[in-house]
Amino acid sequence: MKHDHPFKALVLTQEDGKTQCHLQELSIAQLPAGDVTVKVDYSSLNYKDAMAVTGTGRIVRDFPMVPGIDLAGTVIDSDAPDYPVGTPVVLTGWSVGERYWGGYAQVQRVKSEWLVPLASGLDSFKAMAIGTAGLTAMLCVMELEAAGIGPGSGTVLVTGASGGVGSVAVALLARLGYRVAALVQPGREAVHPYLISLGASEVLAGADWAQASKPLENQRWAGAVDTVGSAVLARVLASTEYGGAVAACGLAGGVDLPATVMPFILRGVRLLGVDSVMCPVARRREAWERLGRVYGDTPFADIVMTAGLGQVPELAARMMAGGNRGRYVIDVNQ
């Protein structure tokens, strides 16, 4: 089955060292090489997408580029036995939307090894409401579980809690029976009711979080999911309970880590790195299947805002300015 009529895509180009973003019509013939062609239903807007679209931090080095690190849709042409025509699929990571053309297109051609089948309990909208952010959040939860941090262990802290990864992590942990504390930047009191509605038991916003912590602070957290890095992660480590664990997956506050070895050698605290981009397929599938079980019956109205391709540049600029909340699903056909 061939589909050769033109379709819309958001295309990044570079002119005089500045990233430009335009809606364009493309044809199948212009798509990159790959063994599976997908009719895309939805993509999503992540922090990394916002960086790509606004030209921040050299996320994209090859132009023209179709950004969008996530996509969900249906296979319309395939040379891959595992993904026959009609298969609903999800793609997150693998440098798609950075080095390879991504989800901000109505049709995309990709490598089958980047795909996972749509998990039972999900549709393509829910899959993108979860997206890379939710996959990352679930991988963090799986690391905490493997470290022995269960719902009865005590309070688990989520930093950067109002962002995409943070929002899903709060909701996910709460649904799995954990007591959750949510940390947000001072001055973002407006998001407190939202985080309580997602299941947080307490919301924190102390200005001291951005300041240097002592090597060891009072023990407060059985575990944590950190999306911020820098001084915040250092303070989380210093205040994690004996034998606790922290899953680190983000750098919203910076790439440095002004910490000491004290939490590790005096309290047995473990720092667990979590990556969703190159995460192996078997672990990805396990995470998506669990997300399907947890989120199959979840109304996403609280977490998600839906927008069309044309709204991506404006939303990306807002996200880079720190004014976002929750998840943005991009309806590529809107």
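Helices here are DSSP runs of at least four residues, numbered from the N terminus. With that in hand, start at the first helix. The model is a predicted one. Helix α1 is followed by Gly55. The phi of Gly55 is positive, near 75°.

Stay with α1 for a moment. This helix covers residues 47-54. Which of its residues are buried? They are Asp49, Ala50, Met51, Ala52 and Val53. These buried residues pack against three strands, β1 (7-15), β2 (18-26) and β3 (36-45). They also pack against a helix, α8 (312-320).

The peptide bond from Phe63 to Pro64 is cis, with omega near -5°. Pro64 sits in the loop between α1 and β4 (70-78). Another loop joins the tour at Trp94. That loop runs between β5 (88-92) and β6 (107-110). Trp94 is not a glycine, yet its phi is positive, about 60°. Trp94 has a relative accessible area of 14%. Buried means under 20%, so Trp94 counts as buried.

Now step back to the whole chain. It is divided into domain 1 (7-121 + 297-331) and domain 2 (133-273). Domain 1 is written as two stretches of sequence, 7-121 and 297-331. Taken over C-alpha atoms, the centres of the two domains are separated by 29 Å. How many residues does each domain bring to the contact? Domain 1 gives 11 residues and domain 2 gives 14.

Next comes the inside. The largest nonpolar core has 56 residues. Val170, Leu195, Trp288 and Tyr295 have the most contacts inside it. Several helices each supply at least two residues of this core: α2 (124-146), α3 (164-175), α4 (192-198) and α7 (281-295). Strands β8 (155-159), β9 (179-183), β11 (221-226) and β12 (240-248) each supply at least two residues as well. The largest share, 13 residues, comes from α2. This core draws at least three residues from each of domain 1 and domain 2.

Take a closer look at Val170. Leaving out residues up to four places away in sequence, what does Val170 touch? Its partners are Val158, Ala161, Val180, Ala182, Leu195, Leu198, Gly199 and Ala200.

Helix packing comes next. Two packed helices are described by the angle between their axes and the distance between the axes. By class, the contact of α2 with α7 has 11 nonpolar, two polar and seven charged residues.

Helix α7 also packs with α3. Here the angle is about 70°, and the axes are 11 Å apart. That makes α3 roughly perpendicular to α7. Val168, Ala171, Leu172 and Arg175 in α3 meet Leu291, Val294 and Tyr295 in α7. How do the residues of this contact divide by class? Six are nonpolar, none is polar and one is charged.

Turn now to strand β10, residues 202-204, where Glu202 lies. Is Glu202 buried, partly exposed or exposed? Its relative accessible area is 25%, so Glu202 is partly exposed. Along the chain, Glu202 and Leu183 are 19 residues apart. Their C-alpha atoms are separated by 8.7 Å. Setting aside neighbours within four places in sequence, Glu202 is in contact with Thr155, Arg179, Val180, Ala181, Ala182 and Trp221.

Ser230 is in helix α5. Ser230 is not a glycine, but its phi is positive, about 50°. Its relative accessible area is 10%, so Ser230 is buried. Ser239 is in the loop between α5 (230-238) and β12. Ser239 counts as buried because its relative accessibility is 3%. Leaving out residues up to four places away in sequence, Ser239 touches Glu217, Asn218, Gln219, Arg220, Trp221 and Arg267.

Terms used:
Residues are numbered from 1 along each chain as its sequence is written. This is a predicted model: local features need pLDDT of at least 70, side-chain atom pairs count only at pLDDT 80 or more; totals for chains, interfaces and linings use all residues. Side-chain values use heavy atoms; hydrogens and water are left out. A nonpolar core is a set of buried Ala, Val, Leu, Ile, Met, Phe, Trp, Tyr and Cys residues joined through side-chain atoms within 4.5 Å. Buried means under 20% relative accessible area, exposed over 50%, partly exposed in between (1.4 Å probe, protein chains only). Domain bounds come from an automatic or database domain assignment. Contact means heavy atoms within 4.5 Å. Axes are lines fitted to C-alpha atoms, for helices over the stretch in contact, and angles run from 0 to 180 degrees between N-to-C directions. Angles under 35 degrees count as roughly parallel, over 145 as roughly antiparallel, 65 to 115 as roughly perpendicular and the rest as oblique. Ala, Val, Leu, Ile, Met, Phe, Trp, Tyr, Cys and Pro count as nonpolar, Asp, Glu, Lys and Arg as charged, and the others, Gly among them, as polar.
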